2 protein chains.
Amino acid sequence: MSAPVTINLADKFAAFSDRWNPRIVGTYNGNELRVAKLQGDFTWHSHADTDELFFVVEGNLGIEFRDGVRRIGAGEMLVVPKGTEHRPFAEDEALVFLIDREGEPNTGINPSDLTRASLETL
Amino acid sequence: MSAPVTINLADKFAAFSDRWNPRIVGTYNGNELRVAKLQGDFTWHSHADTDELFFVVEGNLGIEFRDGVRRIGAGEMLVVPKGTEHRPFAEDEALVFLIDREGEPNTGINPSDLTRASLETL
């Protein structure tokens with residue numbers, strides 16, 4: 001057990017600038033708490049064995065599903081159920097808090113040029 | 001699988017006013033996404049089989065541990081590891097997003113007059 005520490009999201013976002021490259025900021029029940037800066041178009045993918053939570057801290061995020069687009073603004077969240085194909089995108093930079101199962105690739109079962117094999121811990 | 005929906009936290013907080021009575025707003029990998037309004041002193045407790053995530057959306061939350069107090073402000077979070085005794089408190093009302101294992105009592109293994117046996121889903 002590690003001692004509980006307060007995680008300040010603004011501090012974490014200030015520590016990096018590249019996009020579509022999540023950082024790990026903590027763990028919860030075998031899941032990774034991640035932060036990412038998203039802008040532009042991500043690639044279609046799904047996560048076979050884990051849900052994925054998106055919580056928008058700043059900006060606006062879109063997620064395209066096969067049945068249409070959902071929009072997520074600051075103070076809003078959305079859970080992508082495991083096995084569900086989706087494609088995040090953002091016209092302007094969005095600061096996003098995510099939760100994924102530990103070790104889950106950011107592109108799930110669909111590797112692309114945006115896959116980040118190993119994530120940095122902040 | 002349920003269709004992914006955007007969860008607006010402000011809307012959820014506007015739907016109730018009582019304190020120390022979490023509402024369920026979604027699920028993620030067998031965990032419940034909850035929102036709660038916290039003010040005053042909670043009771044000492046621990047969760048035997050689940051971590052507990054506190055994310056402060058508005059206001060300031062304190063959590064007392066056996067080794068001291070941690071403070072969590074808006075935009076900050078803290079994960080209480082399973083088995084760790086803790087006691088949340090707030091001088092003024094704090095709006096908090098929490099994650100617990102599905103069905104976990106809000107007072108864990110230590111029932112008190114603040115135990116809420118069954119949580120409403122918003």
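Visitor: Is B:Arg87 buried or exposed, and at what relative accessibility?

Guide: This is a predicted model, where local features need pLDDT of at least 70, side-chain atom pairs count only at pLDDT 80 or more, and totals for chains, interfaces and linings use all residues. Residues are numbered from 1 along each chain as its sequence is written, chains are lettered from A and ligands numbered from 1 in the order in which they are written, and side-chain values use heavy atoms, with hydrogens and water left out. Buried means under 20% relative accessible area, exposed over 50%, partly exposed in between (1.4 Å probe, protein chains only). B:Arg87 therefore counts as buried, at 14%.

Visitor: Which residue meets B:Arg87 in a salt bridge?

Guide: A salt bridge puts a side-chain nitrogen of Lys or Arg within 4 Å of a carboxyl oxygen of Asp or Glu. Here the N to O distance is 2.8 Å. The pair links strand S8 of chain B to strand S5 (residues 60–65), 23 residues apart. The partner is partly exposed at 25%: B:Glu64.

Visitor: How many residues apart in sequence are the parts that B:Arg19 and B:Glu93 tie together?

Guide: Their closest N and O atoms are 2.9 Å apart, in a salt bridge. B:Arg19 lies in the loop between helix H1 (9–13) and strand S2 (23–28) of chain B, and B:Glu93 in strand S8 (residues 86–101). Helices (H or I, at least four residues) and strands (E, at least two) are DSSP runs, numbered from the N terminus. The separation is 74 residues.

Visitor: In the salt bridge of B:Arg70 and B:Asp67, what is the N to O distance?

Guide: B:Arg70 is buried at 16%. B:Asp67 is exposed at 59%. Their side chains meet at 3.2 Å.

Visitor: Why is strand S3 of chain A largely enclosed by the rest of the structure?

Guide: Strand S3 covers residues 31–41. The count of buried residues decides it, so the answer is 8 of the 11.

Visitor: How many bridges join S3(A) to strand S8 of chain A?

Guide: Strands pair if DSSP finds at least two bridges between them. S3(A) pairs with S2(A) in the antiparallel sense over 5 bridges. With S8(A) it also runs antiparallel, and A:Gly40 has A:Ala90 as its bridge partner there. The S3(A) to S8(A) count is 10.

Visitor: What rotation superposes chain B on chain A?

Guide: Copies are superposed by least squares on the C-alpha atoms of residues with pLDDT of at least 70 in both. The shift along the axis is 0.0 Å, and the RMSD is 0.0 Å. The rotation is 180 degrees.
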